[in-house]
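Biologist: I am new to this structure and would like to know what stands behind each term you use. Could you take me through it?

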Amino acid sequence: MAFDIEMIKKVYEGLSSKIEAAHQLVGRPLTLSEKILYSHLHSEQKPENFERGKSYVDFSPDRVAMQDATAQMALLQFMQAGRPQVAVPSTVHCDHLIMAKSGANNDLAHANKESKEVFDFLGSVSNKYGIGFWKPGAGIIHQVVLENYAFPGGMMIGTDSHTVNAGGLGMLAIGVGGADACDVMAGLAWELKFPKLIGVKLTGKLSGWTAPKDVILKVAGILTVKGGTGAIVEYFGEGATSMSCTGKGTICNMGAEIGATTSTFGYDASMERYLNATGRADIAELANGVKQHLTADPEVYANPDKYFDQVIEINLSELEPHVNGPFTPDLATPISKLKEAALANGWPTKISVGLLGSCTNSSYEDISRAVSLAKQVSAKHLKSKAEYLINPGSEQIRFTIKRDGFLDVFEQIGATIFTNACGPCIGMWDRMGAEKQEKNTIIHSFNRNFAKRADGNPNTYAFVASPEIVTAMAIAGDLTFNPLTDSLTNEKGEQVKFDAPFGDELPKKGFAVEDAGFQAPAADGSSVTVNVSPHSDRLQLLDAFAAWEGTDLIGLKLLIKAKGKCTTDHISMAGPWLKYRGHLDNISNNMLIGAVNFFNEKTDSVKNQITGEYDAVPKVQRAYKAHKIGSIVVGDENYGEGSSREHAAMEPRHLGVRAVLVKSFARIHETNLKKQGMLGLTFADKADYEKIQENDTIDITGLTNFSPNTALTLVLHHIDGSKEEIIANHTYNQQQIEWFKAGGALNIIRASIKA
Ligand code: MIC
Ligand code: SF4
């Protein structure tokens, strides 16, 4: 039986009347996204015809998921909310903290020892508050959620940007910071600006080498890393229904890379098959009973231009496999043009490693298609050129592919099988020789490829592709090789070509698993104690941030003017730093160390305006803090893209940065800043970015009348004594202004407990 089936029943029972009411309000046919949004309004939210991209709306998500690296901060906050139990079904997944080094057995044992304190903390908090706990080795959060918790028409939030993966099963699943998760677990409403809607019509059918991954690699090329900001992407058309459910998951997963709030697909036969195969026939049966509510009204897909803000059409029959990168997931190159692009740009063409896995691409179908290529190595007397590494997505997948002989095939081509976890995707890869920082190329089936992300080496050129392309290219070891058209010389000196990949959508013999790694919480957790040692360097209880002082902010020092891409990986690096995710003061030592200083083009080197010396960013900021001087961070476009990690907002908050002023923000990061009581501002005139000088002291005025839709004025005091005024916009609504005044949203919850 499915988890939380009673909750799902309730959602489905309420659908008819809620969607009928939405039809009345809006007065036209509805997209699937609107149906899910309107059927999840918070009980105190007045229903109206909300304005896309404008109205702030309160929702009640059905469930919450957290992964170990973000759960620590989410739960440290929840512990302060004074609730005996979580208000909605919630889960914790231990997947980010396992270093990939020599293979699953050793690596997992090592992680269990090294991160024991954190896993024990997460396990006991889960036990106490009624949260389902997935132990280290159980799998990657989004794969486990798709296999166990996602359901068509549902709404969930998760403390990870790739929570959106569950859109593959017809949900609206949205990535958030831990403070948002904390609110929902505490029974409060969850606020979101009513999204815009992008429709993607898929015509034709996938075949041969082209995979679902190529759809999203293509979409990323069209929309770029910020093209989906503030929007839900809804896929439909014959190409959508002819694709597997897990393939849909892959497409939704990488919606995070275009900044989309989330992505989704209407309920169809592929989802029913997947629910049945994963032991959830009960959900499939319930869903079949309310089918018409689990997809858009037919008029919408017949006439998408009328109902979506933007429509993109992709013909799957003509779609080529793509390879995206290096250093950004939206640099899309069709495989037929890759050789040309690689040579023209001087990308290293020798592929040193191929990596299969991550939450994006670790389904049974993905692995079975990759295996069909790996088998050709011995059949065609080839020798695999690059190293090949695999992280299965879940224990259920690992167990099943082992049973079906796939792991043996991979091992025959020399593959190393790592733990069912994120591993190299988040820099948890102890790659031999990475410290030498040699220029090299890797190709993986993950979603992100920002500099340093996989192995910490800034000279690793990482390319993103489908599992099929990753496998063929790893065997060939050459970025200029096109497996669709080119041949390889085998051990006998013959020219051989790959046959196109094929695979099974779902295991013929069904999924199997012995111990999936789940631990149910205590029915009554009131007597469970949660210990956090005051001497720990991994965990630290949170102190409340100070409330706003009630005045304008005068005399802020410019900490850094970041140049170009500044993702959450640049603001709060992962890899080795993941171990401090539960200790705000310790992790603050990585604040902005990856951001490029506009004035000297260096990372982690900014001017300390007190001494005039250049020093590491966290060190300079700690000096300002010690002198009780506030500071400001300036950034470029799409600042904070990537992860949901709220550490990227909490670290500056903790160290005394008062405002972040940028050309534009990524959605989750902007909300995280607001939640933590920071000022997140945007240049009214983007050209004013140029006016910010290295030795500036900056005042933020207008705060005593801080109100929605009213810009603030910043005064730049330059070192030569001149001053300039610039206008900064903000998107704070009244409630968010209250968060700012209170010094953070959590302070408001804290105050309500005392009251
Ligand atoms: C990522 O893919 O960057 C992560 C690591 O999963 C993050 C979450 C985190 O930083 O812990 C994400 O995508 O939100
Ligand atoms: Fe883990 Fe990578 Fe997925 Fe993030 S993107 S959840 S690090 S596998």
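Modeller: Start at D4, which belongs to the segment before α1 (5-26). Bear in mind throughout that this is a predicted model.

Biologist: What makes D4 worth a remark?

Modeller: Its phi is positive, about 55°, and D4 is not a glycine. Most residues other than glycine have a negative phi. A cis peptide bond also occurs, between G325 and P326. P326 sits in the loop that links β12 (322-324) and β13 (332-334).

Biologist: How do you know that the bond between G325 and P326 is cis?

Modeller: Its omega is about 0°. Most peptide bonds are trans.

Biologist: Which strands form the open sheet, and in what order?

Modeller: The order of the six strands is β6-β5-β2-β3-β4-β21, and the pairing is mixed.

Biologist: Why are β6 and β21 said to stand at the edges?

Modeller: β6 (172-175) and β21 (518-519) each have a single partner strand, so one side of each has no neighbour in the sheet.

Biologist: What makes β5 and β6 a pair?

Modeller: Two strands pair if there are at least two bridges between them. β5 (residues 155-158) and β6 have four bridges, in the parallel sense, so they count as a pair. In one of these places, M156 has A173 of β6 as its bridge partner.

Biologist: Which helices lie across strands of that sheet?

Modeller: Helix α6 (residues 141-148) lies across β2 (63-67), β3 (90-93), β4 (132-134) and β5, at about 150° to β2. Helix α7 (residues 178-185) lies across β2, β3 and β5, and its angle to β2 is about 140°.

Biologist: How many strands does the closed barrel have?

Modeller: Seven, running β22-β25-β26-β27-β30-β29-β28 with mixed pairing. From one strand to the next the twist averages 40°.

Biologist: How do you know that β28 and β29 are paired?

Modeller: The count needed is at least two bridges. Strands β28 (residues 697-701) and β29 (residues 712-717) run antiparallel and are joined by five, so the pair qualifies. T697 stands opposite H717 of β29. Helix α22 (residues 617-626) lies across β22 (553-561), β25 (631-635) and β26 (657-662), at about 170° to β22.

Biologist: What is known of the largest pocket?

Modeller: Its volume is about 790 Å³. It is lined by 33 residues, and K193, T229, F665, E670 and T731 are the closest to its centre. By class, the lining has nine nonpolar, 13 polar and 11 charged residues. β7 (190-193), α24 (667-675) and β27 (679-683) each give at least two residues to the lining.

Biologist: Which residues is M573 in contact with?

Modeller: Neighbours within four places in sequence aside, they are K452, T568, N590, I593, G594 and R645. Contact means heavy atoms within 4.5 Å. M573 belongs to the loop between α20 (568-571) and α21 (584-587). Its C-alpha atom is 30 Å from that of Y149, 424 residues away along the chain.

How values were computed. Residues numbered from 1 in each chain as written. Chains lettered and ligands numbered in written order. Predicted model: local features only at pLDDT ≥ 70, side-chain atom pairs only at ≥ 80, totals over all residues. Heavy atoms only, no water. Axes fitted to C-alpha atoms, helices over the stretch in contact; angles between N-to-C directions. 1 Å grid on protein atoms, 1.4 Å probe; cavity = no way out; pocket = protein on both sides within 12 Å on 5 of 7 lines; lining within 4 Å. Points joined across faces, edges and corners; volume = space filled by probe spheres on them. Nonpolar A, V, L, I, M, F, W, Y, C, P; charged D, E, K, R; others polar.
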